[in-house]
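Please look over the structure shown below before reading the notes.

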Amino acid sequence: MRYVSTRGRCPDVGFTEALLAGLAPDGGLYTPSDWPELTDGELKALSGRPYAEVAAAVLARFAEPEFTREQLLPLCEAAYATFAHPAVAPLRQLDADLWMLDLACGPTLAFKDVAMQILARLYETALAGTGRRLTLVVATSGDTGGAAVEAFANSPAVRMVVLFPEGKISEVQRRFMTTVHADNIRCVAVDGSFDDCQAVVKALFADEAFRAEVDLSGVNSINWARIAAQSVYYVTSALALGAPERAVAYTVPSGNFGDAFAGYAALRMGVPIAGITVATNANDILPRAFATGHYARGAVVETTSPAMDIQVASNFERLAYEATDRDATTTAALFEDFALTGVAQLPEAALTALRTVFTGVMIDEATVRATIRDVWTECGVLIDPHTAVGVATARRHPAPPGTPHVVLSTAHPAKFPEAVEEATGEPPVLHPRARDLARKPERIDRLPADVAAVAAYVREFAQP
């Protein structure tokens, strides 16, 4: 498998190079040169198999020949042994046709663990014996940082700096990062929004001299391996609900669009997906883009679902590339304009193409609270605010009768106890992992949302 940039201005690369580079040198995002396919027979053969086995089979299609299915299987088994549920991503039925895919069974209680646990093992395997030690700079709106710290802490292969917006994530999200005192990890509170953090990371990648000096890499969802790993739970959930004989609809709470694009990747591989609805909070850049083709950045609105408080959805570039029939020139122009002006207008043909799969819905805060309360009252299930955005969307825009409809549950309610208590009138029972965090000391550095300041900090940390 080879990988090309969405902007088409650099050579194609293999899986390992795409994995370790993160962002393409021309500022684009790596994507497969051709989509691998799983036949109906191959999908049926995976039905009912352990999650790690399915993951190895799916990832091999993106990673061969550098990582074979046989090489990937022990890595996947080790990664998913860290999860609390043997199914890794279990389904829970909410009503006749509505299901919740629980992606919060990992060590930091968020869907980011599904990709990050295998990503760390891929990095260590790829770097073994090379003498290289990469510098990872990670921007997080809450959950990516904790999952990355947990996965890469004490790794001899990497140093990691995590940037998070100060005061704009939950205390539990923050503590999953800042209470891990590993020598190879630094957590930095940035005076700004997640979009500011993300912009700093992209600027560091764009500086070729800096990138080479610190051997820079990234594990945000700009890294293709994250998307590949997340596509696996679309395969397992669809198979559990009758695929390939019938299609399954998905609703995905979304911020940076990586989780939703993983569903698109599964669709392109051959998983029968009836459609993907992207659910957002008040930060509705994606629903507006799907409705009008006008991809326009707004001011970030703080909500009770902070991981979605994003107005620049980086993975949307991958979808635009596909929707323009892989026209790298058009894609580059669109997103370079967006970087300068905060606005990009999709061509009409591209908008029509992406609408064949995607729709977008915005959910307000009052509806989030009501949904948390209603799901608890009606189903006896506590959900976090991000999942509530998804459930509210699915109930507002149901799948056709008889079509299984899956909402991705992206985080454990214990990560957002205040929001859950406000909605239900009682605090959630704290998960043991979240409860233990409160007794641990934090280590936090602070910086402005300034590229030069962050670069200097990273440079000093990256010194041998």
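The expected span of a helix is 1.5 Å times one less than its number of residues. That rule is applied here to a predicted model.

**Helix α4**
- Helix α4 covers residues 69-80, which makes twelve residues.
- The buried residues of α4 are Leu 72, Leu 75, Cys 76, Ala 79 and Tyr 80.
- Viewed down the axis of α4, these buried residues fall within an arc of 120 degrees, so they line one face of the helix.
- Among the elements that cover them are α3 (51-63) and α5 (112-127).

- Strands of a sheet pair through backbone hydrogen bonds, either parallel or antiparallel.
- In this model, three strands form an open sheet with antiparallel pairing, in the order β2-β1-β3.
- The edges are β2 (13-14) and β3 (30-32), since each of these strands pairs on one side only.
- Strand β1 (residues 2-5) is joined to β3 by three antiparallel bridges.
- Ser 5 stands opposite Tyr 30 of β3.

**Ala 411**
- Ala 411 sits in the loop between β15 (405-409) and α18 (417-424).
- Its relative accessibility is 2%, so Ala 411 counts as buried, the cut-off being under 20%.
- Ala 110 is 301 residues away from Ala 411 along the chain, yet their C-alpha atoms are separated by 4.2 Å.
- Beyond its neighbours within four places in sequence, Ala 411 has contacts that include Ala 104, Leu 109, Ala 110 and Asp 143.
- Asp 384, Thr 387 and Phe 416 are also in contact with Ala 411.

Definitions and conventions
Residues are numbered from 1 along each chain as its sequence is written. This is a predicted model: local features need pLDDT of at least 70, side-chain atom pairs count only at pLDDT 80 or more; totals for chains, interfaces and linings use all residues. Side-chain values use heavy atoms; hydrogens and water are left out. Helices (H or I, at least four residues) and strands (E, at least two) are DSSP runs, numbered from the N terminus. Buried means under 20% relative accessible area, exposed over 50%, partly exposed in between (1.4 Å probe, protein chains only). The arc is that of the directions from the helix axis to the C-beta atoms. Contact means heavy atoms within 4.5 Å. Two strands pair if DSSP finds at least two bridges between them.
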